[in-house]
Amino acid sequence: MNAKIRALISEFGRLSVDVATLKNEADLYTAGLTSFASVQLMLGIEDAFDIEFPERMLNRRSFASIAAIEQAVSELLAEAGRDAEAA
Amino acid sequence: MQTQEDYLAGLLEHGLLFSTGVDGLFGRSALFEATVDGLNALVTKHGDGFNAESVTYPPSMSRVDFEKSGYLKSFPGLAGSIHSFAGDDRAHRDLLADLEAKRDWSGRQKITDVVLTPAACYPLYPLAASRGQMPKEGLCFSLCSWCFRHEPSRDPARMQAFRQREYVRMGTAEQVVAFRASCIERGEAIVQLLELPYHLDVANDPFFGRAGKMMANNQRDQKLKFEMLIPITSDEHPTACLSFNYHQDHFGLAWGIKTADGEVAHTACVGFGMERITLALFRHHGFELANWPAGVRQALAL
């Protein structure tokens, strides 16, 4: 899942640095993620994992780092009874 | 508190607004306009120290610039694009036949190079970008423009065509954040002079769709927008009459606006809803100017 999320950030995040150089906990906004790009990333993640972020997760914190995104996606997959490892 | 319908009826009865038959589109009386003029002069007086360059645009802007601004990403349903007929004689006959038969004739039009200005500052950013790197102290502009938003409503305080007076600051994050704080102080001073009840609150723009929900949450989390709210047609849902917006580097990035150091410029603006403040004055001080507090009349030179 980590690699898939990194690929999506690379595709939608328009970061000012290479995603490969970022630690899982690194602040994506500091790395250049804009408000608009974070929305595109959110929609890209929804498509890729076939999930829908509920309103409570539609905020900056959910997309602040690779780890935060992983956590949010895992939570939604678990709620849907799907295996996070397989995603 | 009067309802929207009651207040609208009062404005029409007292001849302050004239109906056009379309919700949110009104004619204005001489007194209404004199009040707007007085308010405009008061805002100018309070913006004295900004050393702002005054720029005036027609109530329409370049469609290409509008598209580049990202407005359609965030507010597709509010946008007003201008379409016009560009056919030959035969196509003209077809157009008139559609009109005669009361059929939809809009398909016979083509989009033009012009859209209606959605907010006074939109045509300003390409101008600022075209001037290249800004001086160390940054830039400040003063504008007033008719704006259009497609949101027909029976609430007279939610018009489709209205005037927005703005000061727009461009520069470093520190410069524009300090400017916004100063605008809030000045805005409060103005509203106090006008003896209107108000409170300040964090706000968000009405961004479209699910993506918009996230934009709105982000905007609130970061306190990018404050509004000065004044009750007009509801105590429970007071109307945003002034707004104080920090755009971060949104417009700077979109337009390549650069600070003196070559960094992407940050921008902020304060917007005065001229019709809304005027409506608040008639709501709180009455439809008859003679009954208004002397201090308010003096402040507006009425």
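Glu55(A) and Lys213(B) join their side chains in a salt bridge, 3.2 Å from N to O. By salt bridge I mean a side-chain nitrogen of Lys or Arg within 4 Å of a carboxyl oxygen of Asp or Glu. Between chain A and chain B the count is four salt bridges. On the side of chain A that touches chain B, there are seven nonpolar, four polar and five charged residues. Here Ala, Val, Leu, Ile, Met, Phe, Trp, Tyr, Cys and Pro count as nonpolar, Asp, Glu, Lys and Arg as charged, and the others, Gly among them, as polar.

A word on the source. This is a predicted model, where local features need pLDDT of at least 70 and side-chain atom pairs count only at pLDDT 80 or more, while totals for chains, interfaces and linings use all residues. Residues are numbered from 1 along each chain as its sequence is written, chains are lettered from A and ligands numbered from 1 in the order in which they are written, and side-chain values use heavy atoms, with hydrogens and water left out.

Next, the interface as a whole. Chain A brings 16 residues to the contact and chain B brings 13 residues, contact being heavy atoms within 4.5 Å. The two chains bury about 1,400 Å² between them, 60% of it on carbon and sulfur atoms. That area is the accessible area (1.4 Å probe) that two parts lose on being put together, summed over both. Of what chain A buries against chain B, 44% comes from Phe36(A), Leu58(A) and Arg60(A), more than from any other three residues.

Last, Ile45(A). Leaving out residues up to four places away in sequence, Ile45(A) touches residues including Leu8(A), Phe53(A) and Val73(A).
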